[in-house]
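Please walk me through this structure, starting with its charged pairs.

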Amino acid sequence: MSGLQELMRRHGNDRARLIDMLLEIQREAGYVDDQAIQRLAEGLNLSPLEVRETISFYHFIHDRPPGRHTIWLADTVIARMNGYKEVRKALEEACGCVFGQVDASGSFGLFDTNCIGLSDQEPAMMVDDVVFTRLTPERVRRIVTGLRAGRSAQSLAAVKDRDPTDSDFAAQLASSAIRQRGPVFFSPDRDYPALVEKLVTLLPEELIARVVDSGLRGRGGAGFPTGLKWRLGREAEGAEKYVICNADEGEPGTFKDRVLLMESPEDVLLGMIMAGWALGARHGILYLRWEYGYLQARLQRLLEEWQQARLLGADILGQGFAFDIRIQKGAGAYVCGDETALIESCEGKRGTPRVKPPYPIEEGYLGMPTCVNNVETLAAASRILEKGASWFRALGAPESTGTRLLSVSGDCDRPGIYEIEWGVSLNKVLRMVGAVDPLAVQVSGPSGECVSVARDGERVFCYSDLSCNGSLMIFDRKRDLLEVVEEFTRFFVDESCGICVPCRAGGVDLLHKIRLVRAGRATRRDLDDIRQWGALMHATSRCGLGTTAAKPLLTTLDRFPERYEALLAPDEGPLLPSFDREAALEAHRHAHRILTEDASS
Amino acid sequence: MSVNITIDGLAVRADAGDTLVDVAADNGVYIPTLCYQRGRPCLGTCRVCSVRVNGNVMAACTVPVADGMEVEVNDPADMRKALVELLFAEGNHNCPSCEKSGRCELQVVGYEVGMMVSRFPYRFPLRDRETRPKKIWLENDRCIFCQRCVEFVRDRETGRRIFSIDHRGSRSRIVMDVALADRMSDQQVREAAELCPVGCILQKGLGYNDPIGRRRFEVRRLRQRVLEGEGQ
Ligand SMILES: Cc1cc2nc3c(=O)[nH]c(=O)nc-3n(C[C@H](O)[C@H](O)[C@H](O)COP(=O)(O)O)c2cc1C
Ligand code: SF4
Ligand code: SF4
Ligand code: SF4
């Protein structure tokens, strides 16, 4: 086990690198065993349970063998609209075990996971290091047969002989359907060295003024003005400062950050360097969600190439500007998309959102001023450097300048990525994507709102109306909207970090309620409870996960009350309809059975 | 720098940056808390100190006061009550048989917010208890996951945590490192049991010492202790 000592040493025996260490151990051994946990704890001066605290938080770190081949099938509402259930059943039959288990021979482990950023090509699954999309029962049977016959997942995905550092590697696994291009993103043939050159001729204050002037606002959801964030970061005092690119992209239905990292990763790196220049930061971290592991080698190679070209490193273009970027892999937790949870995760800990204030821009990573920006924000900033603030400001709407990427999925002819100018209406977008008889649109994923096409079609995309974080899921008239609501509510229960009461405990109660409604055993009183409890979670939760977790219920109750009312039970008689008499008597029957069997034997 | 704020209409002067929940207490306004303790870092987990600040609901333990702040304590009272009710429904609380009864912060805050019964369905969870350490044990049925033990109890020699979290979300539990627990001094065990707001961390071989009627909060309610200080 001297290997472990060596591994810890490589990571500077630094507790903040714990997740990297765990993932490396897992890569070698398949999982992190008890002995490794003891050793890590000793080496990092932690109790073994503290190491387990990190392990047990993350979906993709195992403390027991997860099967020689580990299969993660994404359970999402979009997958469920496209044959997920049949695929799941086929997998269970082919692997000889049910989900959540490893088969008897230890060959296959089947696990559920939430959205993996492939909503325009679902059902989709991760197998070992690769992903498979557009699954059908036949296709998964063939894959499992291949694995059984000793072929690797890479070879079955036809990437065995491909170099994972190549720019087209990821495209072999997952397509990036860019359906509508626009002026800001994915522009070809950009001269990055010239742009970095241009950057370092600007004073940081000039750069900040330009970004302020462009009106660019954060694309990660909250819409905070990017120039202002950079200015606050510049003014904040700290021995070090950090720039973090948030590529956690966990919101179900969004995949635009993945496509940006596949098609234009240089834009993102340039945006990070700009933020570094603006703040006076020397270090950048690209936080890449675990589910996008197949992008990592390419990104790593790009970082090295930029280092060699002196676009990154100790002395960028000989101007005395030092800035480096490292990739931090996530390990499976939606809440780590929250900037403070993300910082905790970068420090090797559970992704528990921090108490605010202080905000990261004052006290973030390792207690130092930290600027967290979304992938798309940084890519947009890189175009502002090139084309100027007024060019950008002329696009879009007054308080929502520029364009934004939509990840479109669900009931439409052309799912994929669309670059739209802020200010277009929902109806226009629905026509653009070929929506078929749409009833409802989930704007911004589960954490956003479910709008009615009939009532909200003329609303426009902008920060003051449909402030979309990039996820757009379309549901037609035939869909069971309440199944969608149940799935989203379950998603939040699954992904709650559990640290605060309203979200940890309240989420479970809301999930019970929607199940009650769908079972036809709820009354009007239950709908009142949902509203009241949802308002409680919204008002009192510690982070954005808990404050939005009731939104699937609340926004559909508001827009589609008839879907609920059609299922209500009459509130009459001495018993509440929610009281399940059969279930309540089951314990008695069970006891009676035991007693009578005892008596007869 | 001193600032002016109002609490339920009452004009109050305070130092900028002081924590709202303390400022309120210093001015005779009791805001219940279950995780927060004056003088220790804010944990922000129970949310029971939620009040309205300039229109938005916020946990008063997380709010540094700033000039012109308008605070409403009365308005979100039902939300505070609901949060306490959630805690009672989430765990298993059977006060009459509990060692902490009469000394328990959850119980006294339950009285304080006027709770009679939980509006949330009681969950009756099955939770494992940790009984292996020699001097100390965990009755996890009663844990409210406040994080005091995780953040504030350390092994004296190595500085390592004795209490940690296992899992996430509604499956989260507090776990205790048995080897480190066995190195705790009697004094440290007593302090940990006192630190726990409920009857989850318990000292072995000791229980039900104070007779009914003479237990901590029966002698002097939590409200008095917060408003007038512990010593008086
Ligand atoms: C539960 C939760 C999940 C989030 N997930 C993401 C995410 O995946 N990507 C992202 O950029 N921002 C996410 N955010 C928002 C971030 O906290 C942060 O506001 C954002 O990264 C800031 O970047 P921006 O200013 O460029 O938008 C999330 C927030 C919450 C509360
Ligand atoms: S709201 Fe939910 S996810 Fe956010 S801190 Fe609270 S428990 Fe954790
Ligand atoms: S911990 Fe407190 S509330 Fe729970 S049973 Fe004991 S006395 Fe009652
Ligand atoms: S054991 Fe006690 S101190 Fe620790 S989290 Fe639970 S309730 Fe809080």
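A:Asp558 and A:Arg559 form a salt bridge, with 3.0 Å between their closest N and O atoms; a salt bridge here is a side-chain nitrogen of Lys or Arg within 4 Å of a carboxyl oxygen of Asp or Glu. A:Asp558 is partly exposed, its relative accessible area being 46%. On this scale buried means under 20% relative accessible area, exposed over 50%, and partly exposed in between (1.4 Å probe, protein chains only). The model is predicted: local features need pLDDT of at least 70, side-chain atom pairs count only at pLDDT 80 or more, and totals for chains, interfaces and linings use all residues. Residues are numbered from 1 along each chain as its sequence is written, chains are lettered from A and ligands numbered from 1 in the order in which they are written, and side-chain values use heavy atoms, with hydrogens and water left out.

Side chains of opposite charge can pair when their charged atoms come close. Another such pair is A:Arg80 with A:Asp75, at 2.7 Å from N to O. A:Asp75 is buried at 10% relative accessible area, while A:Arg80 is partly exposed at 28%. Both belong to a network of salt bridges that also links A:Lys85, A:Glu483, A:Glu487, A:Arg490 and A:Asp494.

Over all chains, the whole structure holds 90 salt bridges. Between chain B and chain A there are six. In one of them, B:Arg161 meets A:Glu50, with the closest N and O atoms 3.7 Å apart. B:Arg161 lies in the loop between α4 (148-152) and β7 (163-166) of chain B, and A:Glu50 in helix α4 (residues 48-57) of chain A, so this pair joins two chains. Helices (H or I, at least four residues) and strands (E, at least two) are DSSP runs, numbered from the N terminus. B:Arg161 is buried, at 10%, and A:Glu50 is buried as well, at 6%. A salt bridge also connects A:Asp509 and B:Arg123, at 3.3 Å from N to O.

In the contact between the chains, 39 residues of chain B touch 43 residues of chain A, contact meaning heavy atoms within 4.5 Å.

Chain A also contains an open sheet of six strands with mixed pairing, in the order β6-β13-β12-β16-β14-β15. Two strands pair if DSSP finds at least two bridges between them. β6 (178-180) and β15 (449-452) of chain A each have a single partner strand, so one side of each has no neighbour in the sheet. β6(A) pairs with β13 (residues 416-421) of chain A in the parallel sense, over two bridges. There, A:Gln180 is opposite A:Tyr418 in β13(A).
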